[in-house]
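Biologist: Please take a close look at a single part of this model and describe it in one connected account. Give the cut-offs as you go.

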Amino acid sequence: MSNLFELSSRKQVPVYTKMKPKPDGSQLVNYKNEKDYDYYKCDYCGEEIKILSKKQEMTGGTIRFSHLVTKKGDIELALHNKCLRAAIKIFEEGEKK
Ligand SMILES: [Zn+2]
């Protein structure tokens, strides 16, 4: 797990792109890489959060924590719904020295 406090310097939550696996037989000269889907990487557990057009079907998303929570300035994180509580707890406990 990365240090969430270090992310305060990050401007934007990075979006990663998953490409479709190449079909067998790389003699396909004209094979063009095809995008499968975009995803965020959860800042808490590091697993993928697929970006779907139907937001309510996503397992998480990006969320902005204000400086009132982080005491370090606004921090935008990508988090699973299930990881949100744990992330908040980290901020509540404060940065470990
Ligand atoms: Zn997660």
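**The hairpin and the zinc site**

Modeller: Strand 2 and strand 3 pair in the antiparallel sense, over three bridges. A strand here is a DSSP run of E with at least two residues, numbered from the N terminus, and two strands pair if DSSP finds at least two bridges between them. The model is predicted, so local features need pLDDT of at least 70 and side-chain atom pairs pLDDT 80 or more, while totals for chains, interfaces and linings use all residues. Residues are numbered from 1 along each chain as its sequence is written, and side-chain values use heavy atoms, with hydrogens and water left out.

Within this pairing, Y39 stands opposite K50 of strand 3. The hairpin has six residues between its strands, and G46 takes a positive phi near 85° there. On another side of the pairing scheme, strand 2 runs antiparallel to strand 1, joined by four bridges; M19 has K35 of strand 2 as its bridge partner.

The zinc ion has as protein donors (N, O or S atoms within 2.8 Å of the metal, or 3.2 Å for Na, K and Ca) C42 (SG), C45 (SG), H80 (ND1) and C83 (SG), at 2.0 to 2.4 Å. Their spacing along the chain is C-x2-C-x34-H-x2-C. C42, in the loop between strand 2 and strand 3, is 38 residues from H80 in strand 5, and the pair links distant parts of the chain. Angles among the four donor atoms are 100 to 120°, and the site is tetrahedral, a label that requires all angles between 85 and 135 degrees.

C42 counts as buried because its relative accessibility is 3%, and H80 does so at 5%; buried means under 20% relative accessible area (1.4 Å probe, protein chains only).

Conventions. Four donors count as tetrahedral if all angles lie between 85 and 135 degrees; four count as square planar and six as octahedral if opposite donors are over 155 degrees apart and all others between 65 and 115; anything else is irregular. Buried means under 20% relative accessible area, exposed over 50%, partly exposed in between (1.4 Å probe, protein chains only).
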